Amino acid sequence: MQILVVDDEASIRELLTFNLKKNGYSVETAADGREALAKAAGMDLVLLDIMLPEVDGLEVCRRLKADPQTSGIPIIMLTAKAEEIDRVLGLELGADDYVVKPFSMRELLARVKAVLRRSAKDSQSEKGREETLKIGGLRLDFSSYQAWLHDEPIALTPKEYELLKLLVTNPGRAFSRDELLERIWGYEYYGDTRTVDVHIRHLRAKLKGAPAVSDAIETVRGVGYRFARRTA
C-alpha cells in the first residue's frame, strides 16, 4: 500500500513517514498542494494537511475528488484547526476522514488501516458485478461506481455513492447514524455522527434535479435516515 503524506512541515512529514514505513507502508511525500496534485495518481491513500502553500488542502481534496483518475483514492485530512467548519468542508468535498492536530500516532494509524480496509473491501465486493438499479430518474451502476440523473452523470464521492446505494437498496428501512457510520466508513467514527448529516445534505443537493428521489431520502427524527419508497 502506497500512501502520500502532504504537509508543509518537514518534521510532520518525517514523523509520519517513519511510522508508516515502520508499519509496512510505502510512503511518498509532498510539501505543498501543487506537488500533492502531481503525485496523487496511483496512491492508495492520501494524508492531506489543510494549511498548505501554493494550493490549500481543501482545494487539493476538491480537485482530486473531481478527477476520475483520482476520485476513488481515500483522503484523510490533517488539520491544526479546531473549528468545525474546516472539518465539515473537508467532508463535503469528499474526504473520508479527518484527524485534528496534535494527534496520537496510534489513532492515526488505526484510521489509516480502517480506511484502507474499507477501500479494499469495496473494490473486491464490486468486482465483476454488472447490476444496474433504476429509481425514477436515477440510475446506479454497481460495477462502475457511477450514477446518472436523467442520463446525466452525477459527480458523487465514493462515500456518497456507498451511502446512496445502501439507502436505495433497502427501501423503507431506517438506519441510525451510528449504523451508517459503521457500515459505510467501516469503523466507529468516534461518536462524530455529523459526517452522516454532511453526506446526506450533499446527496440531497446533488439529486435535487429529481425531487421524487431526493425527497425520498427522509430524516427519521431521533434515529437517522431511510429511503422512503421506490419511485416509478
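Student: Is Arg111 buried or exposed?

Tutor: Arg111 is buried, with a relative accessible area of 7%, where buried means under 20% relative accessible area, exposed means over 50%, and partly exposed covers what lies in between (1.4 Å probe, protein chains only). Before going on, keep in mind that this is a predicted model, in which local features need pLDDT of at least 70 and side-chain atom pairs count only at pLDDT 80 or more, while totals for chains, interfaces and linings use all residues. Residues are numbered from 1 along each chain as its sequence is written, and side-chain values use heavy atoms, with hydrogens and water left out.

Student: With which residue does the side chain of Arg111 meet in a salt bridge?

Tutor: The general idea is that side chains of opposite charge can pair when their charged atoms come close. In this structure the partner of Arg111 is Glu107, with 3.1 Å from N to O; the term salt bridge asks for a side-chain nitrogen of Lys or Arg within 4 Å of a carboxyl oxygen of Asp or Glu.

Student: How many residues apart are Glu107 and Arg111 in helix H5?

Tutor: An α-helix has 3.6 residues a turn, so residues three or four places apart point the same way. Glu107 and Arg111 are 4 residues apart in helix H5 (residues 105-126), which means that about one helical turn separates them. Helices (H or I, at least four residues) and strands (E, at least two) are DSSP runs, numbered from the N terminus. Another pair to look at is Glu59 and Arg62, a salt bridge whose closest N and O atoms are 2.7 Å apart. These two lie 3 residues apart in helix H3 (residues 57-66), so they too are separated by about one helical turn. Glu59 is partly exposed at 23% relative accessible area, and Arg62 is partly exposed at 38%.

Student: How many salt bridges does a search of the whole structure find?

Tutor: The search finds 16 salt bridges. One of these joins the side chains of Glu160 and Lys206, at 2.7 Å from N to O. Glu160 belongs to helix H6 (residues 158-168) and Lys206 to helix H8 (residues 194-206), so this pair ties together parts that are 46 residues apart in sequence. Glu160 is buried, with a relative accessible area of 0%, whereas Lys206 is partly exposed at 25%. Salt bridges can also share partners, and in this way Lys65, Asp96, Lys159 and Glu162 are joined into one network.

Student: At what angle do H6 and H8 pack?

Tutor: Two packed helices are described by the angle between their axes and the distance between the axes. Here H6 and H8 pack at about 85 degrees, with axes 10 Å apart; the axes are lines fitted to C-alpha atoms, for helices over the stretch in contact, and angles run from 0 to 180 degrees between N-to-C directions. H6 is therefore roughly perpendicular to H8, since angles under 35 degrees count as roughly parallel, over 145 as roughly antiparallel, 65 to 115 as roughly perpendicular and the rest as oblique. The contact (heavy atoms within 4.5 Å) is made by Lys159, Glu160, Leu163, Leu164 and Leu167 of H6 and by His199, Ile200, His202, Leu203 and Lys206 of H8. Those residues divide into 5 nonpolar, 2 polar and 3 charged, with Ala, Val, Leu, Ile, Met, Phe, Trp, Tyr, Cys and Pro counted as nonpolar, Asp, Glu, Lys and Arg as charged, and the others, Gly among them, as polar.

Student: How many residues of H6 are buried?

Tutor: The count is 11 of the 11 residues, so H6 is largely enclosed by the rest of the structure.

Student: How many degrees describe the crossing of H7 and H8?

Tutor: The axes of H7 and H8 cross at roughly 80 degrees and come within 9 Å, so H7 is roughly perpendicular to H8. Arg177, Leu180, Leu181 and Trp185 in H7 meet Thr195, Val196, Asp197 and His199 in H8, and the residues of this contact divide into 4 nonpolar, 2 polar and 2 charged.

Student: Where is the place of Trp185, and which residues does Trp185 touch?

Tutor: Trp185 is in helix H7 (residues 177-185) and is buried, with a relative accessible area of 2%. Not counting residues up to four places away in sequence, Trp185 touches Asp96, Arg118, Lys159, Leu180, Thr195, Val196 and His199. Trp185 and Asp97 are 88 residues apart in sequence, yet their C-alpha atoms are 8.7 Å apart in space.
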